[in-house]
Amino acid sequence: MYWGKIIGTLAGLATMKPWFALLGLILGHQFDRGFAERYRAFEKQGENLGRYSEDFVRALFGTMGHLAKVDGRVSEDEIRAARMVMHRLGLSPANVRRAIGWFDEGKLPTFPLVQTVREARRKAARSQAQRMMFVRLLLEVVLAKEALKNEERGLIWRVCSELDIGRVELAQLEAMIRAQRGFKHSPAGDADAARVRNAYETLGVSVEASNDDIKKAYRRLTSRSHPDKIAASNPDAGVVAEAERRTREVRAAYEMLKARRSIR
């Protein structure tokens, strides 16, 4: 979060007065700090999605499929992003299959976009927070690819209009999601991604595993490596220490994935 400091300093330097450059740096720092705080809150909100009704999920993935297909093809990045949303919503394997079906229905030219969004607002997204989350999850998928076409932006704005979300709110959502993408491609983001990959490897599951599969793997490994489990064999201190280390490692991996995927 440094663009505020850069822009503020450059604006100050443009006046050819050192004090204005310093003032620009200070104001830019305040902007960056405020943005960082909003970004952390945005991240936390995305990790704790809560539960949403079937009407919400059905409208979400139908609309998502329609937006992904409007440019003629659904990219692999969009498919991966949609699957991650399914995981974060805590959908069971059966409900994941249903969500995929709703996504495919949304890709049809005859999909009733406006009617679907209006029904979602009437039945499942009555609060402003629910409507903002609806648009946020849509944007996370359509922004997974490199660029948006005008037709896609037009449809996104149509959805926002039906949900009473203004252009400023839409721009803020997009800025936060793009900031997330920027973080993921930074050195810190690479390190974070490596920790997540290691968590999957520790539990012995793939990225595509369902939340239920992850919970089962955690319970199985915890039961297998827990010190109390091996106490009956009267192990030496080294074996007990290794079991304790392994138990901590498995628990840390599960807690990380639990937060990232909103596992309940």
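The model is a predicted one, in which local features need pLDDT of at least 70 and side-chain atom pairs count only at pLDDT 80 or more, while totals for chains, interfaces and linings use all residues. Residues are numbered from 1 along each chain as its sequence is written, and side-chain values use heavy atoms, with hydrogens and water left out.

**Whole chain.** Begin with a cartoon view, where the secondary structure comes to 13 helices and 0 strands; helices (H or I, at least four residues) and strands (E, at least two) are DSSP runs, numbered from the N terminus. Of the 264 residues in the chain, 41% are buried, where buried means under 20% relative accessible area, exposed over 50%, and partly exposed in between (1.4 Å probe, protein chains only).

**The core.** Next select L60, F61, M64, F134 and L139, which have the most contacts inside the largest nonpolar core, a set of 45 residues. Helices α3 (54–69), α4, α5 (93–106), α6, α7 (128–142), α8 and α9 each supply at least two residues of this core. Another core, of 15 residues, lies apart from it and has A199, Y200, L203 and L221 among its members. A nonpolar core here is a set of buried Ala, Val, Leu, Ile, Met, Phe, Trp, Tyr and Cys residues joined through side-chain atoms within 4.5 Å. Centre the view on F134, which, leaving aside neighbours within four places in sequence, is in contact (heavy atoms within 4.5 Å) with F56, A59, L60, T63, A120, V159 and L163.

**T116 in helix α6.** Now select T116, which is placed in helix α6 (residues 113–123) and is buried, with a relative accessible area of 14%. A polar atom of the T116 side chain lies 2.8 Å from the backbone oxygen of P112. Not counting residues up to four places away in sequence, T116 touches A59, T63 and F111.

**Helix α4.** Select residues 76–88, whose 13 residues should span 18 Å at 1.5 Å a residue, in agreement with the 18 Å between the end C-alpha atoms of helix α4; the expected span is 1.5 Å times one less than the number of residues. The buried residues of α4 are E78, A81, A82, V85, M86, H87 and R88. D77 and R80 are separated by about one helical turn because they are 3 residues apart in helix α4. Just after α4, G90 takes a positive phi of about 70°.

**Further salt bridges.** Select E54 and R98, whose side chains meet in a salt bridge (2.9 Å, N to O). This pair links distant parts of the chain, with E54 in helix α3 and R98 in helix α5, 44 residues apart. E54 is partly exposed at 42% relative accessible area, and R98 is partly exposed at 37%. Then move to R136 and E140, which form a salt bridge with closest N and O atoms 3.0 Å apart. R136 is buried, with a relative accessible area of 2%, and E140 is buried at 13%. Finally, select D71, E78, K145 and E152, which are linked in a network of salt bridges.

**A last loop.** End at D164, found in the loop between α8 (150–162) and α9 (167–184), where the phi of D164 is near 60°, a positive value in a residue other than glycine.

Notes. A polar contact is a pair of N or O atoms within 3.5 Å; within protein, one must be able to donate a hydrogen and the other to accept it, and residues adjacent in sequence count only if both atoms are side-chain atoms. A salt bridge is a side-chain nitrogen of Lys or Arg within 4 Å of a carboxyl oxygen of Asp or Glu.
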